[in-house]
Amino acid sequence: MTRAFVRALGAVCLAVVTAGFATAPSSDLAIERLGTDLVELLDTYRWRGAEWGVLVVSLDRGDTLFAVEPTTPRAPASNVKLLTSAAALAALGSDYRFRTWLVTDGTVTDGVLHGDLVLYGTGDPGLSDRFFSSRTAVFEALAEELRRLGIHTVRGDLVGDASFLPGPLRSEAWDPADLNDHFAPGVSALSFNENVVSVRVEPGSREGLPPVVHTLPDRAGLDVANTSVTVEGRPREPLLLTRDDPMEPIRIEGRIQRGGRDVWRQLTVSDPARFAVSVFRSVLEDSGVQVSGNDRVVVTPSRSVVGGPTVTAPRSEARPRTRVLARHVSPPLRDYLAVVNKQSNNLYAELLYRTLGRLEAGVGSPDASAVAVARALSGLGVEMDQTVQVDGSGLADTNRVTPGTFVSLFRAVESSPLWPEFWASLPEAGERRGLGRMYDTPAAGNLRAKTGTIARVSALSGVVRSADGERLAFSMMVNGTPSTSRAKRVENAVGARLASFERETGGLRP
């Protein structure tokens with residue numbers, strides 16, 4: 001984007017009516033100065049081929065203060081989570097809770113379950129230590145409930161049933177280079193430990209022995225091909241933990257020094273439901289419940305012992321013997337939204353997204369989920385016509401949203417009962433556990449916004465109060481930037497400038 005082009009945009013942006021928002025009076029010199037300053041900030045770093053989209057609108061007065069291509073759809077990265085979380089609030093309610101069930105179609109006699117024990121998931125991303133005392137605390141509670149029922153032996157298989165959301169584990173639109181990394185786990189109705197595992201490789205006790213492989217959590221049931229060797233002295237070939245595809249075994253290759261440091265790597269698991277069942281089996285064994293059969297996974301609804309489209313309770317009209325043995329109820333949605341927006345957790349966002357599709361259309365496919373989000377937000381008055389939503393997290397670079405849509409979202413939610421909990425979920429500038437940027441500026445402790453970053457894309461959308469207390473909704477996205485870190489410096493400067501904006505009319509009118 002050239003300097004002349006940005007200046008030309010700045011010269012006309014205040015005279016344009018965009019996205020249904022009224023234009024600011026051209027006579028307001030404070031707004032004109034704001035426009036000039038923002039143009040200068042956008043022009044701070046010039047990148048050939050980079051394209052900005054920006055919109056700033058007063059929530060209190062309804063006028064547009066600044067606009068650069070606000071109706072052009074762009075890749076928004078994790079700003080997509082704003083759409084997903086607002087739609088979840090609207091469609092599910094802030095007190096919505098996921099259920100995880102232990103069910104069986106067998107019979108119990110003298111403490112022996114004759115039949116399969118089924119761990120049935122409905123999309124809860126929180127079976128981990130994020131909300132509980134340990135990674136396996138939920139599994140331990142389920143196992144304890146079996147013991148309370150007097151069950152000590154299972155004469156059947158241990159089944160991980162993920163059929164509630166039988167859609168693809170991973171979007172084809174995600175970058176293949178990301179699929180081993182913790183931020184791009186597989187999406188499954190039965191998820192555990194956020195579908196990641198830490199692998200620790202410990203040197204063998206003497207030269208020539210293979211190193212010892214540990215996992216966190218233990219007994220994760222990983223498929224590992226270990227061809228590495230323990231050697232004396234510093235190895236010429238470093239130890240590598242590799243995997244070209246997340247569905248392949250983890251390869252451990254190279255050399256590790258005897259007495260040297262352990263090697264760690266965190267990886268996504270290939271099959272989340274199988275991972276969950278493997279760990280659950282170990283928890284059952286530790287609690288005194290023995291399972292004689294094999295671990296098995298069900299992903300096809302027709303093969304599940306649970307029938308019907310319900311989210312709140314499993315049932316099987318065709319199999320009247322199916323019954324619930326134990327259940328786990330998640331924390332409320334409001335708690336999960338903070339993980340989605342403040343911590344930008346992709347798995348939480350994806351499972352909310354798939355759940356919306358499941359409720360809307362009876363199938364949790366990405367396409368059904370996109371329709372469900374659009375319907376929920378359109379019902380609030382959000383302008384969704386130009387939105388192309390491919391996933392719930394923003395990992396896909398084929399998502400497209402306009403700045404006008406994000407500003408429309410803030411306007412619609414702000415005027416609804418959803419606002420307090422939506423606002424509470426947004427990261428706050430200057431807060432280490434929130435939006436850890438814009439320290440020592442007027443935006444700190446004031447501005448709240450969702451960040452977004454993927455390759456060559458940076459985004460920031462939110463709300464800030466001006467110096468005279470006016471609430472300004474804004475969205476800024478840049479596509480094609482070679483440096484997302486430098487783009488974020490521009491975003492920071494824009495956020496601080498908006499926080500210091502003050503009208504010459506003497507403040508916010510009543």
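The model is predicted, and local features need pLDDT of at least 70, side-chain atom pairs count only at pLDDT 80 or more, while totals for chains, interfaces and linings use all residues. Residues are numbered from 1 along each chain as its sequence is written, and side-chain values use heavy atoms, with hydrogens and water left out.

The peptide bond that leads from Leu216 into Pro217 is cis, with omega near 5°. Most peptide bonds are trans, and most residues other than glycine have a negative phi. Two non-glycine residues with positive phi are described here. Glu69, for which phi is near 45°, belongs to the loop between strand 3 (63–68) and helix 3 (80–92). Its relative accessible area of 28% makes Glu69 partly exposed, where buried denotes under 20% relative accessible area, exposed over 50%, and partly exposed the range in between (1.4 Å probe, protein chains only). Met438 has phi near 65° and is placed in the loop between helix 10 (419–424) and strand 21 (448–454). In contrast to the partly exposed Glu69, Met438 is buried, at 6% relative accessibility.

Strand 4 (residues 99–104) is mostly covered, with six of its six residues buried. In a regular strand the side chains alternate between the two faces of the sheet. In strand 4, Arg99, Trp101 and Val103 point one way, whereas Thr100, Leu102 and Thr104 point the other way, and all are buried. Strand 4 pairs with strand 20 (residues 323–329) in the antiparallel sense through six bridges; pairing requires that DSSP finds at least two bridges between the two strands. Strand 4 also runs antiparallel to strand 7 (residues 117–121), to which four bridges join it. Thr100 takes part in both pairings: its bridge partner in strand 20 is His328, and its partner in strand 7 is Gly121.

Across the whole structure, a search finds eleven aromatic pairs. Rings of Phe, Tyr and Trp (its six-membered ring) pair if their centres lie within 6.5 Å; planes under 30 degrees apart count as stacked, over 60 as edge-to-face and the rest as tilted. One of these pairs is formed by Phe139 and Phe280, which is tilted because the ring planes meet at 55°, with the centres 5.1 Å apart. This pair links distant parts of the chain, with Phe139 in helix 4 (residues 137–148) and Phe280 in helix 5 (residues 272–286), 141 residues apart.

Tyr336 in helix 6 (residues 333–341) and Tyr348 in helix 7 (residues 346–361) are twelve residues apart, and the pair links distant parts of the chain. Tyr336 is buried at 1% relative accessibility, and Tyr348 is buried at 0%.

Finally, Arg358 lies over the face of Phe164, at 4.0 Å from the ring centre. A charge is taken to sit over a ring if NZ of Lys or CZ of Arg is within 6 Å of the ring centre and within 35 degrees of the ring normal.
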